[in-house]
Amino acid sequence: MAAVTSEQCFVERFTVTCNKPVSHLQLSCCLSHCAVPWEDKNIRIYENNNLESPLELTGHHCDVSAMVFGTVSDRLILCSASEDYVIVWDIAHCYRQIKEGVIASGRVVGTLLGRVAHLSLCPLSAKVAACSGSRVVLLNAEKEEVLGVLKAHLGPVTASEFCPWDANLLISVSEDRTFKIWDVRKRDILFESAVLSAYPLLSLFFMEQNSQFITGSGDGQLWCYTLPVDHKCRLLTKLDLLKLEQKHERNLRKINPPQNRADGTTRNDVRGTVETAKPVLRIWAQRPQSGHASLQQSCVWIGSTDGLYLLDLDTSELLMILPLKGIISDLSISMAGSWAITHGHGGNMCCLVTSLFGNSVVLFEVNSAWLDELCFRMAKSFCAEEQLSVVPSSPLMTMSPLNAELAKQDPKPQKKIGVSCQKSVKDQALVFHTQVKSSGYNAAPQKGLLNEYPSHFEAPSVPYAHLMVSTTPTIVNSLQYSGDGKQLVCGLGDSSVLLYNSSLTDDPAVYTGHSKAVNTVCWSHSKRWFLSTSEDPTLCIWTASASEPVLTMFTKPIRTAQFYYLDKFLLLASGSNLMLYLYHLDTTKDDIKRYKQRSKSKLASKLSMNSGTDITSVSAINDFYSYIVLAAGADRTIQVFDMNQGCMATQIPDAHCRAVHHLTQNKGSPFCTQALESYNLFLSSAITDSLKLWDLRTARCVRRYESHINRCHHCTAAFSPCGRFIATGSEDHCAYIYDTRSSNFLHKLQRHSETVLNVAFNPANPEPFSLSTAEYVLQCVFCPAALLWYL
């Protein structure tokens, strides 16, 4: 990224020096004004665009410890607190009193509450919540009246906020490291969390657009929860600000390598290398309907002691850091004690910051135009060098490995037939039966599968069938539906392959040809063949009508295999190599030479991982022509291969904190149409890490899913044929259904007895009842049973 100056980024409006440190006081600012303590007991109100002649409010007899502006648009309300009083000020009325020569006065709504650490006003500015000690005192903002006292925390309450969309809900966080959700009218606890951290919770913020809230702790941890109607909160994301910063700086060093300076340091060393805790002092988000065009609705600002951090909650990635020290060397303070952030004019962001070790209070603006440009440059710098797409946009190259063909054997020469023999052949009847089967043109069409996948239905949530695949504990390592949705093949840990019909009603066909556990099964696009790989290591290709494999390949240990390029190739991953095999399948039998295999295969091309690491997972689309092959390595990278050029196109370093064990693409279905851009989405799974959704065009993560549990088993995921839903296995004996547009899970499919390892959607959506009834069908297989779910 190009270097930026502080004039481009920050505009410092004013600096106020108080007579005492105000590092941990709750300050407040709004679109037009900001409030600053003055001479301990007084308050000064500054206009953000006119800093001359501030309004001075006098009424407290003790030091002011907290202030907050109201959110009502038609009038400006300020609430302030000290040990003696809680006072509500009407700012417009105070200005009129000053013009009339009268001392500005406010309305006392609370008396002798002790030291108030935090204040909050309800959305209509009718109630005040004052945090004093381990209790939250609810006050009437119109008159001096205590509405109630909320007492349940075991330590001092550090912050409390009213829910923006429900004024009767209030959430409080405390030094006891828990948060509680309160019903303000009944003064009951609706939900209370467990102990979240070893450090106190300091901040709280509501994400109104998606009904979520975020809390942060003193050691830089953040938790994002949903707030549903039933108040049963679900944890969506847990983040560590320090780890995110380290990852962000590693990415920047890859883009802009450090440059040596005259003093021996590098350009990226200006912030130092000492790891320090980053307390989450303030959380704030830009309005979705205004502000920066480059910022997503899931982006939040985190105010810490050393600067501002812009975080994308959907991807759990740190987008940028605006440090107070280093880049912005002309700012009056270098370490922050508290933050107050609000919207400014022209889409800018106003920040009121107190000095951590001094007496200064600074108001500055973040330039929105500069921020938009920086976001655009950062997004562009992280994009792949070449715009990749799963759907090909150019024809095959002349020397492309995909042009390879398997040499055909010359047919055996036929015996010559003499003229006398030809004449001896008599005319034969064309039909050998008395009845000829009708061509069926006049017959009524038979009812079959749906022509179009019902993409408007909801996700599966009701169990439909339950089946034990084995009487003994046997792991089901892999499964896949055929392209027409009529059959289901699964590979077991006891070296067998089972073939079911999609409704799981009949006994399966059993195929035994491996001597060790089967790790991969895959259907061909033509639906005539399916393959299986094992730890033998062998690869077998089967047909449903025969109990013996049509083709058996003895190779090096195979990590995964599949049909590729509309069944033209076999794509194998072994060690650090990707191999393309041409093959020919011959189902004819010779009872005398049963040992002789008529089918054959030939290596057409071999590609290696860029770093030489072993391949842990591979994904490629076989339903249509595609040049793209995804491969995950043991070094935590995801590498994208362009098989048309026969080389690696791009790679994603540090895709997860552990090696990726599963990749899957949005392959769609012949029964459902999606936008071409949707096929560029793919999922990756890693143990102890979340499920990530990626966009191939930018090679960046666009969303994370963290509600399921994946700590030690290789749980897989799958896209629905319509592309709207994602299913994944979990170690809590459940399967989770996510919406691709939200990080919160839709359904938690229970009633499993073991870890859910594999999931698969039926691509054709069969109708077991009638043509007017349609369900989503989801197959969940684990150890050792299977469940079929539907809507």
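In the predicted model, strands β4 (residues 42–47) and β5 run antiparallel and are joined by three bridges. Within this pairing, Ile-43 has Leu-57 of β5 as its bridge partner. Helix α2, which spans residues 91–99, packs on the sheet and touches β3 (33–38), β4 and β5, with its direction at about 100° to that of β5. The sheet itself is open and consists of four strands in the order β2-β3-β4-β5, with antiparallel pairing. Because β2 (28–29) and β5 (55–57) stand at the edges and each has a single partner strand, one side of each is left without a neighbour in the sheet.

Aromatic side chains were examined next. The structure holds 20 aromatic pairs, and ring pairs link Trp-165, Phe-179, Phe-191, Phe-206, Phe-213 and Tyr-225 into a cluster. Rings are also faced by arginine side chains: Arg-44 lies over the face of Trp-38, at 3.8 Å from the ring centre, while the charged end of Arg-234 sits over the ring of Phe-745, 4.0 Å from its centre.

Gln-212 belongs to strand β19, which covers residues 212–217. With a relative accessible area of 9%, Gln-212 falls under the 20% limit and is therefore classed as buried. When residues up to four places away in sequence are not counted, the residues that Gln-212 touches include Trp-165, Phe-206 and Tyr-225, which are among the members of the aromatic cluster. The other contacts of Gln-212 include Phe-205, Met-207, Cys-224, Thr-226, Leu-227 and Leu-236.

Definitions and conventions
Residues are numbered from 1 along each chain as its sequence is written. This is a predicted model: local features need pLDDT of at least 70, side-chain atom pairs count only at pLDDT 80 or more; totals for chains, interfaces and linings use all residues. Side-chain values use heavy atoms; hydrogens and water are left out. Two strands pair if DSSP finds at least two bridges between them. Helices (H or I, at least four residues) and strands (E, at least two) are DSSP runs, numbered from the N terminus. Contact means heavy atoms within 4.5 Å. Axes are lines fitted to C-alpha atoms, for helices over the stretch in contact, and angles run from 0 to 180 degrees between N-to-C directions. Rings of Phe, Tyr and Trp (its six-membered ring) pair if their centres lie within 6.5 Å; planes under 30 degrees apart count as stacked, over 60 as edge-to-face and the rest as tilted. A charge sits over a ring if NZ of Lys or CZ of Arg is within 6 Å of the ring centre and within 35 degrees of the ring normal. Buried means under 20% relative accessible area, exposed over 50%, partly exposed in between (1.4 Å probe, protein chains only).
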